[in-house]
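Work through the exercises below with the structure open beside you. Try each task before reading its solution.

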Amino acid sequence: MMIEWFGENLWAAWLALTFVLAVIESFVLDLMFLMLAVGALAAMTVSLAGGEAWLQVVVGSVTALLMLGAVRPVALKHLKKGPEGQLTNIDRMQGLQAETIETVTETSGLAEVDGDTWTARAAGDFQIQPGAAAVVESVDGATVYLKPAPSIEWDDPQTREV
């Protein structure tokens, strides 16, 4: 009885597959599963029009392949297109102020940059003490390379007025 219902209502299976593929796409965000979901929608349309199961599979497969081969590359090109010289999030971090959370050396450390905690390394042979101000020199993956922030030493005899 369940098998008979399923055979008569194959559109429901295509609709469920469309939904599952759309959910997967929302996590992956590479437009591949979205194109497959469009193929499942095409198969569902054939099913609702009374088409045979083999025709549903063929139409769904051909539609998905066309979407993957023709639409996806164009869509990705437009999605990744940005203005010339546009800085990515990592590129814009260079020069931002950072506050060290723990001692930063060439091999270890943590710092807060723009409200986020990052793995930090000294951008040279020096240490930056916890709480000290620093500047992001570069970013490599999830690690920021810091240099001490420029500061004025008020107790320096060269800067003191007599």
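The model is predicted: local features need pLDDT of at least 70, side-chain atom pairs count only at pLDDT 80 or more, and totals for chains, interfaces and linings use all residues. Residues are numbered from 1 along each chain as its sequence is written, and side-chain values use heavy atoms, with hydrogens and water left out.

**Exercise 1. Check the span of helix H2 (residues 10-28).**

Step 1. Helices (H or I, at least four residues) and strands (E, at least two) are DSSP runs, numbered from the N terminus.

Step 2. The expected span of a helix is 1.5 Å times one less than its number of residues. For the 19 residues of H2 this gives 27 Å.

**Exercise 2. Find which residues of H2 are buried and what they pack against.**

Step 1. Buried means under 20% relative accessible area, exposed over 50%, and partly exposed in between (1.4 Å probe, protein chains only).

Step 2. The buried residues of H2 are Leu10, Trp14, Thr18, Leu21 and Glu25. They cover an arc of only 90° around the axis, so they lie on the same side of H2. The arc is that of the directions from the helix axis to the C-beta atoms.

Step 3. On the other side of H2, Phe19 and Phe27 are exposed.

Step 4. Contact means heavy atoms within 4.5 Å. The buried residues of H2 pack against helix H1 (2-8), helix H3 (32-48) and helix H4 (53-79).

Step 5. Take Thr18 as one case: this residue of H2 has a relative accessible area of 10%, so it is buried. Thr18 touches Ala37, Ala40 and Leu41, not counting residues up to four places away in sequence.

**Exercise 3. Is Leu31 buried or exposed, and is Asp114 buried or exposed?**

Step 1. Leu31 is found in the loop between H2 and H3. Its phi is positive, about 70°, although Leu31 is not a glycine.

Step 2. The relative accessible area of Leu31 is 13%, so Leu31 is buried.

Step 3. Asp114 lies in the loop between strand S2 (110-113) and strand S3 (116-122). Asp114 is not a glycine either, yet has a positive phi of about 55°.

Step 4. Asp114 has a relative accessible area of 54%, so Asp114 is exposed.

**Exercise 4. Give the order of the strands in the barrel, then look at the pair S4 and S5.**

Step 1. Two strands pair if DSSP finds at least two bridges between them.

Step 2. Five strands close into a barrel in the order S1-S2-S3-S5-S4, with mixed pairing.

Step 3. Strand S4 (residues 133-140) and strand S5 (residues 143-148) run antiparallel and are joined by six bridges. Ala134 stands opposite Pro148 in S5.

**Exercise 5. Describe the largest nonpolar core and the place of Val136.**

Step 1. A nonpolar core is a set of buried Ala, Val, Leu, Ile, Met, Phe, Trp, Tyr and Cys residues joined through side-chain atoms within 4.5 Å.

Step 2. The largest such core has 14 residues, and those with the most contacts inside it are Val113, Val136, Val144 and Leu146. S2, S3, S4 and S5 are the elements that give two or more residues to this core. A second, separate core of five residues includes Trp14, Ala40, Ala43 and Met44.

Step 3. Val136 is in strand S4. With a relative accessible area of 1%, Val136 is buried.
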